[in-house]
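Here are my notes for a first look at this one. Have the viewer open as you read, and go through the points in order.

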Amino acid sequence: MTVKFYSGEEIPLEMHKVRIVQKLNLPPVEERVKAMKEAGYNTFLLQNQDVYMDMLTDSGVNAMSDRQQASMLVADDSYAGSTTFTRLQQKIEEIFGTKYFLPTHQGRACENIISQVFVKPGTTVPMNYHFTTTKAHITLNGGTVEEIFEDEALNLESTELFKGNMDIEKLTALIEERGADKIAFIRVEAGTNLIGGQPHSVENLKQVRAVCDQYGLKLVYDISLLADNLHFIKEREEAYKNASIREITRELSDQAHILYFSARKLGFARGGAICTNSEEDYLAMREYITLYEGFLTYGGMSVREMEAITVGLEETMDEQYISQGPKFIQYMSDELQKKGVPVVLPAGGLGCHIDASRFVPHLDQTAYPAGALAAAIYIASGARGMERGTMSEQRDEEGNETLSHMELVRMAMPRRVFTLSQVKYVVDRIAWLYENRELIGGMTFVEEPKVLRFFFGKLDATSDWPEKLAAKFREDFGDSL
Ligand SMILES: Cc1ncc(COP(=O)(O)O)c(C=O)c1O
């Protein structure tokens, strides 16, 4: 919720209070340089004890409510026929209107199963934009991914409110060109992660569904980031201004043949789910659950987490809860923008996205500008974000770099976790870094895994720029951390 101060300033006000706290550590800048070096300049490899604000991801790190914590005590551990499963199944059916629910341990497990069942070698999956693990599973099963976005989607300073929309004309053209029998399914991702947490509209999803009906194709809807998307629909889509979050959710879920989500994002807990009304699709996927995940009533999840998801899904229907993340992100983006820092506009969900191409234009894409900026932000602030650029891509079969469409650093905003003074702190340090951006140098891989290299890959700075940056920090901030 946003409130206006007497001074005229508007701020996002937390509509919750903190009842459990976790101590944080903010090491001095010299130690941050050392920690970054030891982590191979990869923020995934930092030890969390060296991190002040963990803005790596919003996945599995959202704050639980008192009601979620309380619900965990009544979890039913039975291997089969667990009442915990039934409670979650009923909540999913109530909210999304889907009869069948397959539990998985997290989002990518859903993608593994959906891809194994529906992606055949030589088929294509058109989607509004890829997500790293989605693309990896589709290609592993011999399929290819085609991103069908509107031209504005990659414009980092746009006024388009639904950059996650699919371009319907391009979609039909692709299906005509490839033939409907070569399309495994159409995938739409809510709150499109890799282009800055950007939403799609209800209208667009309905149009995609109409195309599916025209060609006899399945619509697979990834609702991991649904909470943010719901908030944006309510705020930005005229036809849904007066609709409740619950009504909007149902309008969306009714369009899909298969829904899946990472409950590390949706539902403020940890787990995953595939939901459908098709008995045939349910049966086709069911055996993979027992093979990869666990028995059908837990699918690799802890029953305590399942209870928390049930309550978390209900909380997702509460506008005050789901608006907190996007409102904080909007605040952070606005404040950075006022200080000249290039951020993705309009601000999306999930996190504040900083445009490394404009922050460090002196770095070539092969020097991993977004990776270098993520390392520099950690050195300047102790906050860790995530590289979302060329480092997150995979080399082609000849070993050439696949240059990313965008070079972004995502400063994720775990839901209900940070206070506004923490957000102000990180804004200050990033603004300082921007003033000193010419000090930031490039990076090169020293250990480069073939698949999803951004998780484990180790890099080195191409010069002593991290030390120089730390020295300038000392000069400007004196003894301050
Ligand atoms: C849109 C989207 N889909 C799928 C996934 C994969 O989910 P998980 O991390 O639970 O495997 C993510 C995770 O970040 C995501 O953002």
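1. Helices (H or I, at least four residues) and strands (E, at least two) are DSSP runs, numbered from the N terminus.

2. Keep in mind that this is a predicted model, where local features need pLDDT of at least 70 and side-chain atom pairs count only at pLDDT 80 or more, while totals for chains, interfaces and linings use all residues. Residues are numbered from 1 along each chain as its sequence is written.

3. Now the overall picture. The protein chain has 17 helices and 16 strands, and its C-alpha atoms fill a box of roughly 65 × 55 × 45 Å along the principal axes. Its radius of gyration is 22 Å, which agrees with the value near 23 Å that a compact globule of 481 residues would have. That radius is taken over C-alpha atoms, and the globule rule is 2.2 Å times the number of residues to the power 0.38.

4. E13 and E14 (residues 408–412) pair over 3 bridges, and one to find is Met386, whose bridge partner in E14 is Arg410.

5. Which two domains is the protein chain divided into? Domain 1 covers 2–58 + 319–477, and domain 2 covers 66–316; the bounds come from an automatic or database domain assignment. Their C-alpha centres lie 27 Å apart.

6. Where the domains meet, 25 residues of domain 1 are in contact with 27 residues of domain 2 (contact: C-beta atoms, placed from the backbone, within 7 Å). On the domain 1 side, helix H12 (319–338) and E11 are the elements giving two or more residues. H12 has the largest share, 6 residues. This side divides into 11 nonpolar, 8 polar and 6 charged residues. Here Ala, Val, Leu, Ile, Met, Phe, Trp, Tyr, Cys and Pro count as nonpolar, Asp, Glu, Lys and Arg as charged, and the others, Gly among them, as polar.

7. The ligand is surrounded by 14 residues, the closest being Gln106, Gly107, Arg108, Ser224 and Ser262. The shell divides into 2 nonpolar, 8 polar and 4 charged residues.

8. Two backbone spots deserve a look. Most residues other than glycine have a negative phi, and most peptide bonds are trans. The Leu345 to Pro346 bond is cis, with omega near -5°, and Pro346 is in the loop between H12 and E11. Phe268 has a positive phi, near 50°, and is in the loop between strand E9 (258–262) and strand E10 (272–276).

Terms used
Pairing = 2+ DSSP bridges. Contact = placed C-beta atoms within 7 Å. Near = placed C-beta within 6 Å.
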